Amino acid sequence: MEVIINPSAQAAANLAARKIAGVVRAKPSAVLGLATGGSPVPVYRELIRLHQEEGLDFSRVTTFNLDEYIGLRPSHPASYHHFMWECLFRHINVCSERVHIPDGLAHDIPASCNAYETAIRDAGGIDLQLLGIGTDGHIAFNEPASSLASRTRIKTLSERTRRDNASFFAEGEEVPHHVITMGVGTIMEAREVVLLGFGAAKADAMLAAIEGPVTQMVPASVLQFHERACFLLDDASAAKLQRADYYRHVFANKPGWQRV
Ligand code: GLP
């Protein structure tokens, strides 16, 4: 597990974008797992720049998003479909047939979740999964007490998560109670995972995920069992880590060949 404390969220985002670009350059048909929320926005901005200015080619890339609200049409401004097209897809040359986002309007939700799992498998599995983290340590929409073996399925949001995400909805609009989310087990199968967590509001979650025990009460903590997981923090989200000086020392002294 790699823990990188960056001087700013933007520096962390640039690093994440460089990692993603590296995967796409090495394997033009790469399968990317993508995330929504505020944290990935600067990563997507940098990927757009790399596409426009440096020719980063997404034409053969396949994407799978982590989650979606149930009941929101794709054009709804707070839907993750809308978010992804606005923040990334419409600015790069990704092929729309290779973009996958859980269907929040599916009539048969279990069947649609199983089909999502099958599509990930048929695409050859996820090469790199980008993640954010909730203030309670959730990843995707796997709330605390989610099974660490869970697959794509319906979940009920906690009031805290609904409150945290309310800023993406118009004033007075209800945040849905139900979502479709990749499971913790699904996420753990990605070959590489990059988790972003910025700001003081994420400091407790980062402490619990990185230095706490592995527990379903902090779903992100299971990444301690992942062979290639990288946590990208800024100074504020790293403020409570006991081993912060060590993580900084490791990063500053990386051998050249290990650098992104
Ligand atoms: C939502 C998303 C998560 C995301 C989290 C934190 O719950 N489903 O995937 O990690 O928000 O988002 P933010 O980056 O806005 O703090």
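**A tour of pockets, a helix contact and a sheet**

The lining of the largest pocket is made up of 12 nonpolar, 11 polar and 3 charged residues. In that count, Ala, Val, Leu, Ile, Met, Phe, Trp, Tyr, Cys and Pro are nonpolar, Asp, Glu, Lys and Arg are charged, and the others, Gly among them, are polar. The model is predicted: local features need pLDDT of at least 70, side-chain atom pairs count only at pLDDT 80 or more, and totals for chains, interfaces and linings use all residues. Residues are numbered from 1 along each chain as its sequence is written, and side-chain values use heavy atoms, with hydrogens and water left out.

**Stop 1: the largest pocket**

Select Thr 36, Gly 37, Gly 38, Tyr 80 and Asn 165, the closest to the centre of the largest pocket among its 26 lining residues. Helix 3 and helix 5 (159-164) are the elements that each give two or more residues to this lining. The space in the pocket is about 440 Å³. A pocket here is an open set of points on a 1 Å grid over the protein atoms alone, where a 1.4 Å probe fits, with protein on both sides within 12 Å along at least five of seven lines; lining residues have an atom within 4 Å of a point. Grid points are joined across faces, edges and corners, and the volume is the space filled by probe spheres set on the points.

**Stop 2: the second largest pocket**

Next, select Glu 2, Lys 19, Glu 192, Arg 228 and Cys 230, which lie nearest the centre of a pocket lined by 13 residues. Helix 1 (9-26) and strand 10 (229-234) each give two or more residues to the lining of this second largest pocket. Its volume is about 350 Å³, and its lining divides into 6 nonpolar, 1 polar and 6 charged residues.

**Stop 3: helix 2 against helix 3**

Show residues 41-54 (helix 2) and 80-87 (helix 3), whose axes come within 10 Å and cross at roughly 40 degrees. Axes are lines fitted to C-alpha atoms, for helices over the stretch in contact, and angles run from 0 to 180 degrees between N-to-C directions. Helices (H or I, at least four residues) and strands (E, at least two) are DSSP runs, numbered from the N terminus. Val 41, Tyr 44 and Ile 48 of helix 2 meet Phe 83, Met 84 and Cys 87 of helix 3, where contact means heavy atoms within 4.5 Å. The residues of this contact are 6 nonpolar, no polar and no charged.

**Stop 4**

Finally, select the open sheet of 3 strands, ordered 4-8-7 with antiparallel pairing; strands pair if DSSP finds at least two bridges between them. Strand 4 (67-69) and strand 7 (153-156) are the edges. Strand 4 and strand 8 (residues 178-181) pair over 3 bridges, and Asp 67 has Thr 181 as its bridge partner in strand 8.
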